[in-house]
Amino acid sequence: MIKHLRSAADLDADTATLILDTAAEMAALAGREVKKLPTLRGRTVVNLFYEDSTRTRISFEAAAKRLSADVINFSAKGSSVSKGESLKDTALTLQAMGADAVVIRHPASGAPHRLASWVDGSVINAGDGTHEHPTQALLDAYTMRSRLGRIDGLKVAIVGDVLHSRVARSNVLLLTTLGAQVTLVGPPTLIPIDVAAALSPGTKVSYDLDSVLPATDVVMMLRVQTERMQDSYFPSAREYSRRYGLDAPRMRKLPEHAIVMHPGPMNRGMEIAPEVADSSRSTIVEQVANGVSARMAVLYLLLGGKA
Amino acid sequence: MKSYLIKGVSVVGGKPADLLIRDGVVAGGGGKADETIDAAGLVALPGLVDLHTHLREPGREDAETVETGSRAAALGGYTAVFAMANTSPVADTAGVVEQVWRLGREAGLVDVQPIGAVTVGLAGKQLAELGAMATSAAGVRIFSDDGHCVADPRLMRRALEYVKAFDGIIAQHAEEPRLTEGAQMHEGEVSTRLGLTGWPAVAEEAIIARDVLLAEHVGSRLHVCHVSTAGSVEVLRQAKARGVRVTAEVTPHHLLLTDELAASYDPVYKVNPPLRTAADVQALRQALVDGVIDIVATDHAPHAVEDKECEWAYARPGMVGLETALPVVLSVLGEKWELIAERMSRTPARIAGLTGHGTDLAVGSPANLTLVDPSARRVVDPAELASRSRNTPYAGTTLPGRIVATFLRGEPTVLDGKAVK
């Protein structure tokens with residue numbers, strides 16, 4: 001098993017499949033009255049969050065606690081971090097406390113890579129800058145597999161601000177490793193340069209959502225921050241929504257079986273219409289539940305549990 | 001003053017000969033001397049001249065001082081370095097440039113020639129007192145806002161025109177700031193993969209294209225700092241073919257390293273302009289051989305440990321380079337001594353109008369020279385650097401060539417590979 005999960009590229013197909021299978025076992029646990037396993041008793045998991053992200057932090061916290069690990073939440077607010085302590089000094093502190101795993105969310109791309117060079121424990125990337133969010137990709141893959149029965153051969157459209165999206169990068173890497181065909185859709189200003197060469201040679205790019213939808217099994221809508229308008233990535237929220245938003249008429253272009261995903265938090269009315277977000281095709285609430293199972297699987301396997 | 005007889009040295013790659021140094025000059029091809037240096041197998045080069053060094057004093061003496069930077073320079077084979085203006089306070093007045101110049105004299109290891117800021121506080125709004133700096137004791141001839149681009153085209157035009165009165169030259173840090181907001185590394189495949197904001201090649205090329213046209217229009221001299229892209233080379237090639245008075249430099253690291261190194265997220269590889277692609281590296285090497293790029297300049301940029309041992313995005317850009325420049329160039333060009341002397345000593349001295357450096361080692365010439373052992377190999381150990389900072393991208397790399405001795409006006413600053421003072 002790998003030691004760190006810094007990027008979805010750390011996962012080969014066998015490892016990723018093992019994590020998804022393990023997540024399924026963990027999910028079965030959620031239906032039981034006692035939702036706890038003793039597996040990580042005596043182990044310490046630190047949630048080191050330099051960005052506000054209640055949902056991801058709670059998800060990791062629930063995952064670690066269900067495995068009986070001791071959880072320390074270390075957030076940038078109200079800690080020595082806000083007094084200007086460097087990441088390295090914080091890392092050495094966590095090291096001295098004997099952290100077995102550090103879950104890090106950080107606004108700077110690559111912060112988990114730096115952290116991994118300063119601590120002995122496992123480092124799990126819970127979102128770094130505009131780089132990656134590998135556990136989100138795992139929970140998304142898990143969700144696709146539970147809904148559609150497979151990942152290999154699926155046609156997945158990832159729509160929106162790919163340029164600034166860590167979710168998109170991790171999903172492209174993981175999904176192509178697992179045999180899916182990914183198409184990135186958005187205005188050209190929000191599609192990163194050389195993206196296929198950078199992430200996976202089979203990745204397609206389209207600027208036309210309507211033409212992509214009829215042959216899509218999974219459409220994943222990314223959050224688009226309205227501040228991007230000020231930077232001329234697109235002219236207005238209304239134009240963005242008209243060209244790249246998923247509303248009910250557009251949703252009807254999807255095949256009958258297709259599902260709609262969103263990593264949250266959503267901008268209802270911007271990239272996704274409320275009736276789409278709340279439709280039966282939407283997996284948005286399931287994704288949250290699956291997040292706990294996927295993160296339990298990651299913690300379990302990285303910290304030396306047997307599958 | 002001691003005299004030295006350097007025995008059996010190959011002057012700029014020529015046949016082994018003896019070189020007598022006495023009273024600060026090359027005194028002849030033999031004779032009696034106080035000390036004899038066995039230089040069999042060594043190559044003598046005119047002392048190297050660096051048009052682009054950051055000595056950090058005044059302001060960041062924790063990263064480098066004029067003295068420690070001078071020592072690093074001497075150990076790298078340099079006898080003259082040009083100190084960039086982005087100190088604190090900025091070298092934008094006669095007072096600051098004279099201070100740096102005086103500190104250089106006091107250290108006495110290389111000739112430290114201050115570069116003056118083009119604009120007050122490097123703010124890009126208002127011309128600094130360029131004339132006052134030119135007529136100061138420091139005799140400034142090169143002006144640069146390096147670290148920042150003189151982005152305002154009207155201000156750049158005025159600066160180019162104004163310095164003609166005292167044969168000055170504007171050294172431009174070519175970076176269109178609107179195209180590089182938040183930029184962290186070269187924009188391309190690797191930046192997309194790493195999720196780091198891209199610094200597109202066009203941000204450099206667009207400014208160089210504009211500036212060669214401005215220089216042509218007003219008939220002024222332009223020097224382009226740290227050229228880093230194949231596209232910039234093409235713009236320069238065309239401008240030179242048209243007769244524009246433009247010169248350009250390339251750093252050793254842009255001749256050797258590529259953007260793939262950013263994949264470690266180790267900010268020791270973060271530099272501005274950023275490391276580019278292998279195709280850019282090839283184009284830069286060819287341009288250096290062709291003369292489209294005139295010189296190698298180090299952009300020696302020392303940084304304190306805390307400014308590099310951090311997240312990539314929060315790290316300061318820059319690498320130390322004085323002590324590894326010649327070995328890197330040797331590894332890239334091979335033992336082409338004439339070319340190396342031209343690109344690292346004679347031409348930079350000529351661009352700067354610096355007399356007494358970059359001259360042939362003929363009888364009567366100032367004895368500014370360095371002795372290199374081309375057969376030596378060295379594994380770069382950051383702890384051994386004389387610079388106060390350790391941010392070398394070559395840690396653990398084996399590089400050819402060792403600087404055995406350096407002489408500044410006949411006085412050794414380096415002997416047996418060690419600094420004399």
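The exercises below, each with a worked solution, concern a predicted model.

Local features need pLDDT of at least 70 and side-chain atom pairs count only at pLDDT 80 or more, while totals for chains, interfaces and linings use all residues. Residues are numbered from 1 along each chain as its sequence is written, and chains are lettered from A and ligands numbered from 1 in the order in which they are written.

**Exercise 1. The sheet of chain B**

*Solution.* 
1. Strands are DSSP runs (E, at least two residues), and helices are runs of H or I with at least four residues; both are numbered from the N terminus. Two strands pair if DSSP finds at least two bridges between them.
2. Strand β7 (residues 78-83) of chain B is joined to β8(B) by 4 bridges. In β8(B), B:Gln113 is the bridge partner of B:Phe82.

**Exercise 2. The side of chain A that touches chain B**

Describe the contact between chains A and B by residues, elements and class.

*Solution.* 
1. Contact means that C-beta atoms, placed from the backbone, lie within 7 Å. By this rule, 22 residues of chain A are in contact with 18 residues of chain B.
2. On the chain A side, the elements giving two or more residues are α3 (87-96), α4 (111-116), α6 (166-177) and α7 (195-199). The largest share, 4 residues, comes from α7(A).
3. Nonpolar covers Ala, Val, Leu, Ile, Met, Phe, Trp, Tyr, Cys and Pro; charged covers Asp, Glu, Lys and Arg; the others, Gly among them, are polar. The side of chain A that touches chain B has 9 nonpolar, 7 polar and 6 charged residues.

**Exercise 3. The surroundings of A:Gly186**

Decide whether A:Gly186 is buried or exposed, and list its contacts.

*Solution.* 
1. A:Gly186 is in the loop between β6 (181-185) and α7 of chain A.
2. A residue is buried if 20 or more other C-beta atoms lie within 10 Å of its own, exposed if 12 or fewer, and partly exposed in between. A:Gly186 has 28 other C-beta atoms within 10 Å, so A:Gly186 is buried.
3. Not counting residues up to four places away in sequence, A:Gly186 touches A:Val159, A:Gly160, A:Asp161, A:Val162, A:Ile191 and A:Tyr244.
4. A:Leu163 is 23 residues from A:Gly186 along the chain, and their C-alpha atoms are separated by 9.5 Å.

Notes
Contact = placed C-beta atoms within 7 Å.
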